[in-house]
Amino acid sequence: MHAETTTIAPHGGALVQRVLEGEERRAALSRASGLPSLTLDPRGVADLGLLATGAYSPLTGFLSRADYLRVLHEMRLTSGLPWSLPITLRVADGAGLRDSVALKGPDGRVIGLLDVREVFRHSKEEEAELVYGTRDAQHPGVAQLYAQGDLLVGGEVRLLERAAPLFPELALDPADTRRAFAERGWRTVVGFQTRNPVHRAHEYIQKAALETVDGLLLHPLLGPTKDDDVPAAVRVSSYRVLLERYYPRDRVLLAGFPAAMRYAGPREAVFHALVRKNYGCTHFIVGRDHAGVGNYYGSYDAAAKSGKCCGAARCRRPSSAVPKWCRCWRTDCGRWSYDMVDMGRGVASHSARVAQDHGSGAAVGLGRAAGPSLVGRVREMSVSRDKPLSAVERVKQESRGLRGDLADQLVAPADHFSGPGAQLLKFHGTYQQEDRDQRRERRGGDADPAHQFMVRCKIPGGVLSAVQYLVIDELADRYGNGTLRVTTRQGNQFHGVLKGDLKATIRAVNDALVTTLGACGDVVRNVVSCPAPVAGGLREQVLSVTRRLSDHLLPRTHAYHEIWLDGEQVAGGPSGGEAEPIYGPGYLPRKFKVAFAFPDDNCCDVHSNDLGFLVVAERGHLVGFNVLVGGGMGKTHGKEDTYPRLADALGFARTGEVVEVAEAVVKVQRDHGNRGDRRHARLKYLIDAQGLDRFRDEVERYLGRHLAPPLPVEVSGIEDHLGWHAQDDGRSFLGLFIENGRVQDGDGHKLRSALRRIVKTVHAGVRFTPQQNLLLTDIPDRRQGLVDRILADHGVARPGADAVSTVRRWSMACPALPTCGLALAEAERVLPDVIAELERELETLGLADATLTVRMTGCPNGCARPYTADLAFVGRSLNKYAVFVGGSMLGTRLATQYADLVHRDRLVTTVRPLFERYRDERLADERFGDFCDRVGVEALRSLRGAERGSEAVR
């Protein structure tokens, strides 16, 4: 009768049961007598029992290779579910380990069966580094790892004989605790673990947690621990005293957790929270140094780093009695909204509005206990607090989680959406557009505008499988205008989609395990990273972090699934609750861009992003990232208070800290960005208004700890990855130049057909680059000749550095007219001709090999990153452009306006004098942008009588 009170599903949805009983058990024991066997150590015995009773749900056995590697590198299973510790069985000898194996305890008795799926080898040192954060053999967890065998055995288990519990009355399985909660009518339960006796701080935290939940599960770890840890009997005795004399008996349940202690710090904290979810806990408290040992982890790493798998909002609670940090997590659906409590300071870290935004997630547990007056006390950062919300902000606030009335408008007969509806469409990956070529023809008549839609795919790092690419290619014909468009953020855009085909297009994209959710709108856009699978694996590690961060920062709303997927789950997206723990109901003030880059290869233009991560590596191993903040390319013509900006170094983050640092930066922008004036709503304006130091302080408040200072690593190079390059394992990848990112067939140049043929024939993967080019990956070396022949048969220039001119291969343009509603001038359609003129001039001047970036945009918003280019043309009005020079090919310096209102026909004529002087006065190996910066724009103008600023060059 109480079953309905259970409010949280086990991790993965179902409680695993692998315990054999009765006749089935007897038959298995008989069979085991004839099988090869493995003897488990005490930790293995504990893991076997926890696997079989569902404590480790959704695991059904020891991890096989695919799950093991993903847990190591991404803290997720191959299913996508969060999981932070590798539950493995290591052996010294894999001979004879096939099919089924009997598992024995230390006393030689058969206690289980293992259905062997695979035996594999992996570096203990890498596991130690990734799981424990150190390779030091003095670390107890690392020492135990090093003492084990070199082979791992993966496969499902069945339990035949349970280990005798130390405290039989506390031996409750997940099914037992869930039953107990139901019988007591508890709908919300907070779990608490320690391997030490309870002390005053624990008592305070537990009692505070009871203010906001129905019950408390005291769940001390009773499995194997270090010899010098406090004995389990002492721990249990301390809890029993509390139960008798301190806690309300009807609100607390004491049970044992028979697991071995790993001492893995932050990762083990996440693990403990996930496991308590299986026991039925809806919340879990994490102590300051939870699961830590010695000096291997920072004072607050467990509390601060455990957000790796979750979204969070934070509050602080003062108390002179408890000098520790803790978190209380809401663990439903594998994502945990939590509150951070500062037990010694009287300062709240976010406004009352944030707590309200996040509902039970941000207000539960210790944060709510702090009281609204404390939660509402916040240092104001934004100068726009007193301004009314902009119209777009009101649309978002009233959207009911991005729903609005999109579903009704979608089935309405009109060929377009209302203004508010068009704003909400962006969050779903779609822009409502108009064919502006037809606008003039229709003007003055009765015809409506020629509405159409652009649908953008969100592809972290630009990585697609062969199957995914072929689906997207096919959709371009079925619903689009027959072309693909590679964006500067490594996505794909379908142009010319009609309203009646929108749902089918988005559904088909998701069927291919790609999403459009968050590809546009005021959220974190596609996360970009160098896509080149260069031999050595470092870029693949960074791509793994890229994907993990992208998944973490997806909106949580179900609106996308309801409207476009008939309620089904979006590929790679979150499951579970409706709350937006990261974004809140207002989402972000403006779009937010994130990039990962390498010092010797800044192909992602990392400094032009709101948030950037610059790789720090030592001897070929990924150490972490310098964190960069405040980049952005957009500006408004004639508005001097709007401007492009390059990102500043904020600090350093280890690889495992990237998600939590990114989340903290996003939340500071969420809570303090300008929501009254969209022209000033990007992160760069917040940082400039308040200063980098104050911004860092606020990020650290959200983190609950200090950021490490940035390391002395700077951008030094850039690659475009065109031509053939070696991968690992006898494979290669091929970089192909895609002019302005448009994949299409033309007369004598059947690029799209060639790509489709290659992908089908050699099953090549496809990766889009931030320079709008395309990489064909995983091509066996023996098939390079075949790929070259297919390209030649389709009229595509042969791969290599001389396939196109230097100036053309480093050029980029945004789509601009006729589809972009913001475009003032042409870009994609005219840049090829401008480049052709420039090629002729450079050839005449003897500069045909000059290396420079040339970019063109139809408006000042900077989608093709013009303001970091050596030479850029920015749309000013119809057929007229502002000319910028002096940026850096490396993306580390902004260009300066050289001339304004230059007619399209005079662009090359206007910049020719600059190249003449460059030819005559450049230093050895000096690039064009570097030369212009060294000489100075004023000197360059005066040379030819060019006038300052905004006056036209005619």
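Predicted model: local features only at pLDDT ≥ 70, side-chain atom pairs only at ≥ 80, totals over all residues.
Residues are numbered from 1 along each chain as its sequence is written, and side-chain values use heavy atoms, leaving out hydrogens and water.

Let us turn to the rings. The structure holds 17 aromatic pairs; rings of Phe, Tyr and Trp (its six-membered ring) pair if their centres lie within 6.5 Å, and planes under 30 degrees apart count as stacked, over 60 as edge-to-face and the rest as tilted. One of them joins Phe613 and Phe625 edge-to-face, at 6.0 Å centre to centre with 80 degrees between the planes. This pair links distant parts of the chain, 12 residues apart: Phe613 belongs to strand β19 (residues 611-618) and Phe625 to strand β20 (residues 621-629). Strands here are DSSP runs (E, at least two residues), as are helices (H or I, at least four), numbered from the N terminus.

Further along, Phe915, Tyr918, Phe928 and Phe931 form one aromatic cluster. Tyr918 also has Arg922 over its face, at 5.1 Å from the ring centre. Elsewhere, Arg539 lies over the face of Phe598, at 4.3 Å from the ring centre. Such a charge needs NZ of Lys or CZ of Arg within 6 Å of the ring centre and within 35 degrees of the ring normal.
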